[in-house]
Amino acid sequence: MMGTLPRMLKLRAVLGRHQNLCWNFPSQALKQQSCLSSRPGLLLGSSWQCEVGSKRHHTEADRPKPAPAAAPDRLPFSRITEEDLAFFRNILPGRVVTDPDLLESNNEDWLKSVRGSSEVLLRPQTSQEVSQILKYCNSRNLAVNPQGGNTGLVGGSVPVYDEIILSTALMNHIRSFDSISGILTCQAGCVLEDLSLYLEQRDHIMPLDLGAKGSCHIGGNVATNAGGLRLLRYGSLHGTVLGLEVVLADGQVLDCLATLRKDNTGYDLKQLFIGSEGTLGVITAASILCPRKPKSVNVAFLGCETFEQLLKTFQLCRGMLGEILSAYEFLDSECMRLLNTHLKLTNPVHCQFYIVIETSGSEPTHDEEKLHNFLEEAMTSSLVSEGTVATEDSKIKALWSLRERVTEALAHDGYTYKYDVSLPVEELYQLVTDMRERVGGRAKSVVGYGHVGDGNLHLNITSQAKDPALLADIEPFVYEWTAKHRGSISAEHGLGLKKRNYIYYSKPSQAVALMGQIKALLDPKGILNPYKTLPDDQKP
Ligand SMILES: Cc1cc2nc3c(=O)[nH]c(=O)nc-3n(C[C@H](O)[C@H](O)[C@H](O)COP(=O)(O)OP(=O)(O)OC[C@H]3O[C@@H](n4cnc5c(N)ncnc54)[C@H](O)[C@@H]3O)c2cc1C
């Protein structure tokens, strides 16, 4: 790092010639920061909408017109008995939780928007224990909600009614790491940040990174096919997960825990479970291809006045940074206002749009030269008006926190309506502008941020409290808008409970019907995460 400093000073000097360029890093301001009863599941603060019962076709004319609706009815699963509890206590001594106070946080999602009423939390340590649990639940027709770090944002991670919560929290053992191939094999309950730290000590990194890394589990990441901040560089988990071990609904252990990069022996079954949100099986272990830790990392935090400039900067940056570009993220000035107000983070630059550019490479001098040339070009062509660059770890983290902590700032702002859409990149911000115009003063804040490099927008709207009139303004408008612009209504968060019935906006009915058949094949009784992902007209 010391070696890179003189070069960065030089870079600063050259770029500092340009008007408005701010290279002062405000480090101070950027501090890191029984026959048990069950009651119906609650949707807190949200009258989410769904359409039950009818199959739809994927055409504009026949697009579902969702109407506000209550939670789905409880399906006819068995209710847990004292005999069931005795069975679980026998196979998981000391790891069956029934104390309502201890269950509280497992019943409620991170956003505090949905809450179930499970009265049992099971904490297995091994795949064999998971197998025993599912075999028993399947025979008894007991519904099960797999849960990782409970950071999911679509209501998939918590029960709707009295489903048994199967937590992977104690399945946190790293099985092996091969430093030659970079292949890590670990249990599903390993926390993403712990894996990152483990790998960093071995000169490698995880191929994914996200704001919830301190809590989310790798099993949850795989189950949601989490995208995050490194997807631009390392691709999705569909590419980096080499193998999975999954326990099926009937308790069979499907051992597809390969550590091979190439394996064309028939269907690639593990892909089915990546992004299946706990509806097809419980992921108990994963093997993942991990990149080498880059020798040089630089982060530039830049400001633009228009979204068009931000896109042109992206184009320029792809051309000039090429293989060292590892992230291109953005947030708007409304996000920055919330970061300032609620988390007391200060912006290093003042503009309408902010870009976080990360480069990762193996040769500091080469990388800095490329970054320098790019920044000079971006400044001279007036695409970027202000910016700051960090090469030291603490400063890199501080700059990243401005992007990573937007979700947290929103949670402080009020009740949050969250949308996570994929769109052609040139239309990404128009949705925010249109939504702002549509909801006017009824919303507290309407903000846009996300992964520009992946064409992924996070549109968030906050209000003081739950507001059905505001929701009616937002939905189904947001889904119709997205479908009309050839986007996906869920880029990376999944469908969970909240979005399951909107799937037809993004998938043709034949594809949804095939999903239903796959579910029926793997989980004929539908015990795994019922009420989630599949629309109500496709439940077994
Ligand atoms: C601050 C913040 C930032 C975030 N940033 C991003 C981001 O950049 N990109 C992104 O994609 N997401 C992001 N998320 C959403 C969330 O963190 C991810 O969806 C994450 O992958 C969920 O992991 P988890 O362990 O918390 O899973 P949970 O929330 O516990 O579960 C999520 C879903 O996976 C299922 N599941 C969990 N574990 C298993 C298992 N072992 N087997 C089968 N099914 C399982 C659950 O049933 C549920 O349907 C963010 C969330 C927060 C709070």
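S382 sits in the loop between α12 (364-380) and β17 (386-390). This is a predicted model. Phi of S382 is near 60°, positive although the residue is not a glycine. S382 counts as partly exposed because it has 13 C-beta neighbours inside 10 Å.

E277 also has a positive phi, about 55°, and is not a glycine. Its loop runs between α9 (270-273) and β13. Is E277 buried or exposed? E277 is buried, because 26 C-beta neighbours lie inside 10 Å.

A cis peptide bond links E475 to P476, with omega at about 5°. P476 belongs to the loop between α16 (468-474) and α17 (477-484).

## Ligand shell

The shell around the ligand holds 38 residues. Those that come nearest are G148, G156, G219, G220 and G278. By class, 23 shell residues are polar, 11 are nonpolar and four are charged.

Which elements supply at least two residues each? They are β7 (144-147), α6 (218-224), β13 (282-289) and α14 (406-413). The largest share comes from α6, with five residues.

## A five-stranded sheet

Five strands form an open sheet in the order β9-β10-β13-β11-β12. Pairing is antiparallel. The edges are β9 (174-178) and β12 (253-256), and each of them pairs on one side only. From one strand to the next, the twist averages 10°.

In general, strands of a sheet pair through backbone hydrogen bonds.

## Chain and confidence

The chain has 540 residues, and 50% of them are buried. It contains 18 helices and 20 strands.

Mean pLDDT is 88, and 87% of the residues reach 70 or more. Where does pLDDT stay under 50? One such stretch is residues 1-42, which has 79 contacts beyond four places in sequence in the model. Residues 44-70 also have pLDDT below 50. For residues 44-70 the model has 53 contacts beyond near neighbours in sequence. Where pLDDT is low, predicted coordinates should not be read in detail.

Terms used: Residues numbered from 1 in each chain as written. Predicted model: local features only at pLDDT ≥ 70, side-chain atom pairs only at ≥ 80, totals over all residues. Near = placed C-beta within 6 Å. Helix = DSSP H or I, 4+ residues; strand = E, 2+ residues; numbered from the N terminus. Nonpolar A, V, L, I, M, F, W, Y, C, P; charged D, E, K, R; others polar. Pairing = 2+ DSSP bridges. Axes fitted to C-alpha atoms, helices over the stretch in contact; angles between N-to-C directions. pLDDT = per-residue confidence, 0-100. Contact = placed C-beta atoms within 7 Å. Buried ≥ 20, exposed ≤ 12 C-beta atoms within 10 Å, placed from the backbone.
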